[in-house]
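Subject: Structure handover

Hello,

Here is the structure I promised to pass on. Please open it first, then read my notes below.

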Amino acid sequence: MKRLMKFFGRRWLAFLVLAGLVALRVWDPAQVRFIRENVWFDQFQKFDAYVPPQRHTVIVDIDEESLVELGQWPWSRYDLAKMVQILNQLGARVVGFDITFPELDKLSPAEFANRSETLPPELAEALSKLPSNDAILASVISQSKVVLGGSAYFREVKRESEWPPSARIAEINGQGSQWLPLYSDVVYNNPILQKATPGFGIFSIDPSSDGVVRRVPSMIRVGPPNQPKEQRVYPALSLEMLRLAHGEKGFLIQKANENSGISEIRMRSKVKEGGLKIPTDEHGILWVRFSRMEPSIYISARDIIRIDPANQAKVQELYNRINGKYVMVGTSAEGLKDIRATPLEGAMPGVEVHAQLLDMIENEDYIVRPSIASAIEIFVILVAGLVLVAFVPNLSAFTTVAFFVPFCLTLLGGSWYLYNYESILIGGLNPVVALFILFVLLTYQKYAREQEQKKQVRGAFAQYLSPALVEQLAEDPSRLTLGGETKTMTFLFCDIRGFTPISESFKGEPQGLTRLINKFLTPMTDIIMGNHGTIDKYMGDCIMAFWNAPLNDNEHPRHACESALLMQTELVALNERLKVEAEQEGRKFIPINIGIGVNTGDCVVGNMGSEQRFDYSVLGDAVNLASRLEGQSKGYGVINVIGESTAQTVQDFGIIELDLIAVKGKDEAVRIFTILGGPEYAQTDTYKALRPEADGLIAAYRERRFADAQAHLDRCKEILPERSGLWELYQERLDEYAVNPPPEDWDGVYRATSK
């Protein structure tokens, strides 16, 4: 207790600062978001500007030249109807308006007659009988694939007509729509146009606090807060254009589970097998992978409306640019105030934001910030901060810097890697800034404390020791040296698979779980120790053991493999006993399954730990590999996985090769094997028939002779059907390579992504 009080007494300020840093990240004010988004995420896009592999959109631009030639905005709806007709004739896939038309066209004949006081009565009457320009445009768009736009507001807007109908949506894993951004109202088109349009989408974009657009909502809610039944859901303009292009009736809002936010928006597309899946954050918001502004996708609106059908060259040029493309109608004219800033452009027409978003979706080049991203960043700050608080005061300056700098570089590099190769946004800079603040505080405290301690030592011993010895004691009061020797050893890791369901079955009786673990560990320990092994440690339900230390064992690989086989045999008997006990106690029986990893190699063995406490243990890459091999046993459908060095020393055992694998955390590939049985099993007809087929399978697989590999695999299935997990793994690989062959420089290495 005194040590604990002393520990916290020295670090209370650091703990307080760490708590403040975590709370600040949880609060996530604008300043924190600025560091994460502007200083960090924006740099990703600037460093490697995205170039879409294919452009799916063109923009009909209401530019300055169009305003000069066709007059000030708004134009006659008759001209817009003509433009839509021409775009349809030029092969536009869908036409979307990044514009809204809330009022009736003042240039319609009847509207003009009503507003004019100088027209003769008979002319005014004749004009009033002519169809309105809105009706003409409505007639055209009702027969076309056209999406009209609307604008969302955070305040209510007075209106006389009813709201547009809500989008047709289905929801998976609960009410995902309740996570969508909520707006008070929406400005939409006049009733004549709104009722005629096949599609309606929202083009509103809310920039970040610094005025830069980074995200666009895929859908929004509109209506009074806390009244879900009164709220309507509307898709973004780009998503509505996609829906119309793919002939869909609505959307699916997917949640990862009942308690989480939105994970993706789906459309059951007839074009893309399985449906178009659009990943979003928990609020259904899409991060846009921006590219540089692309002038080639812009077509001046005057070139469409004033097209000369007799100019075949111009018609053909426009046809080549528009045919099969999504066409967005928007404006780049400064006076119409639709200019936005993006991470790559200081000023870009807002319509191109929607165009780039649509291109990103069609190319499936998403950027995803997962719903757990903030939790990961908070977790990194908390855990790394606790590590700093615990260890920095006790380590030398060189050691702390040698740890801290690579750790920060790893965070930053990992964040860049996730963006560049996985298209995932996880902030690395915020944790680094927070940890740097904590690191500076701890370093200063350590320096101040060391100076105070040196002062106390000098004062206490100046009268008893020479000045030179006093200085040595003040600089380095501890003289304990720890270390060990390098030896070739064999290591075994054994872990229970699926331990969570087992522990949950003892939820009301934790002591019963303890007894179960003891019943498992006791016989396994007896087997290991009976075969000259040393138990290094127990880690919950996991056993770590090694051979050839502290006593020499010249046959340590064989003894480790014999232990692995005996543990598998003992497990069968143990499960039978546990089943009987479960039936007697009226408890559901969940059999214990294990994974075993065995590896041989060099390591350091000896007294390791700290000056205060040390243990006899091992350290080295061969130990880590043994642990990784145990983790791979489940993926290969086997109980044990052994390394190549071990396999070479037990050639009389019944072993077969599994794969050439680079385990997680290592670049170098290693051959891995599994033990089917001991020397007796190796003499059976089954093994003698299986071994050449298994070797042939591996050889053909690595040499890209997949047809030969399939033949060997089929015979393996016939000889040893009980190893179905292993055969299914290779069957999946062969099926995949039959459709998507590996590249010519493929080295046959499987790179594991999990431990």
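Is Ala138 buried or exposed? Ala138 is buried, because its relative accessible area is 8%, under the 20% cut-off. Keep in mind that this is a predicted model. Ala138 lies in helix H7, which covers residues 133–142. Now find Ala81. Ala81 and Ala138 are 57 residues apart along the chain, yet their C-alpha atoms are separated by 8.0 Å.

**Aromatic rings**

Next, the rings. A search of the whole structure gives 20 aromatic pairs. Take Phe404 and Phe439. Their ring centres are 4.2 Å apart and their planes meet at 5 degrees, so this pair counts as stacked. The pair links distant parts of the chain, 35 residues apart. Phe404 belongs to helix H14 (residues 397–422), and Phe439 to helix H15 (residues 429–461). Are these two residues buried or exposed? Phe404 counts as buried because its relative accessibility is 6%. Phe439 is buried as well, with a relative accessible area of 11%.

There is also a ring cluster to look up. Ring pairs join Phe41, Phe44, Phe47, Trp287, Trp416 and Tyr419.

Which rings does Arg733 sit over? One is Tyr730: the charged end of Arg733 is 5.1 Å from the centre of that ring. Another is Tyr750, where Arg733 lies over the face at 4.7 Å from the ring centre.

**A nonpolar patch on the surface**

Now turn to the outside. Eight names to select: Phe379, Leu382, Val383, Leu386, Val387, Phe391, Leu395 and Phe403. These residues form a nonpolar surface patch, and together they have about 660 Å² of accessible area. Which helix gives the largest share of the patch? Helix H13 (residues 373–391) does, with six residues. Phe391 is found in H13. Phe391 counts as partly exposed because its relative accessibility is 48%.

**Salt bridges**

The count comes to 25 salt bridges. Here are three of them.

- Arg302 and Asp303: the closest N and O atoms are 3.9 Å apart. Asp303 is partly exposed, at 27% relative accessibility. Arg302 is partly exposed too, at 29%.
- Lys537 and Asp536: the side chains meet at 2.2 Å, N to O. Lys537 counts as partly exposed at 33% relative accessibility, whereas Asp536 counts as buried at 15%.
- Arg671 and Glu644: the closest N and O atoms are 3.2 Å apart. This pair links distant parts of the chain, with Arg671 in strand E26 (residues 670–677) and Glu644 in helix H21 (residues 644–649), 27 residues apart. Arg671 is partly exposed, with a relative accessible area of 29%. Glu644 is partly exposed, with 26%.

**Strands**

Go back to Lys537. It stands opposite Met544 in strand E21. Strand E20 (residues 534–539) and strand E21 (residues 542–547) pair in the antiparallel sense, over five bridges. How many residues lie between the strands of this hairpin? There are two. Check Gly540 in the hairpin of E20 and E21: Gly540 takes a positive phi near 65 degrees.

Last, an open sheet. It has three strands in the order E5-E9-E10, and the pairing is mixed. Which strands are at the edges? They are E5 (182–183) and E10 (232–235), as each pairs on one side only. E5 and E9 (residues 219–222) run parallel, joined by two bridges. Leu182 has Arg221 in E9 as its bridge partner.

**Where to start**

Best wishes

Technical notes
Residues are numbered from 1 along each chain as its sequence is written. This is a predicted model: local features need pLDDT of at least 70, side-chain atom pairs count only at pLDDT 80 or more; totals for chains, interfaces and linings use all residues. Side-chain values use heavy atoms; hydrogens and water are left out. Patches are made of residues with over 30% relative accessible area and no salt bridge: like charges are joined within 9 Å, nonpolar side chains (Val, Leu, Ile, Met, Phe, Trp, Tyr) within 5 Å. Accessible areas come from the Shrake-Rupley method with a 1.4 Å probe; for residues, only the protein chains shown count as cover. A salt bridge is a side-chain nitrogen of Lys or Arg within 4 Å of a carboxyl oxygen of Asp or Glu. Helices (H or I, at least four residues) and strands (E, at least two) are DSSP runs, numbered from the N terminus. Buried means under 20% relative accessible area, exposed over 50%, partly exposed in between (1.4 Å probe, protein chains only). Two strands pair if DSSP finds at least two bridges between them. Rings of Phe, Tyr and Trp (its six-membered ring) pair if their centres lie within 6.5 Å; planes under 30 degrees apart count as stacked, over 60 as edge-to-face and the rest as tilted. A charge sits over a ring if NZ of Lys or CZ of Arg is within 6 Å of the ring centre and within 35 degrees of the ring normal.
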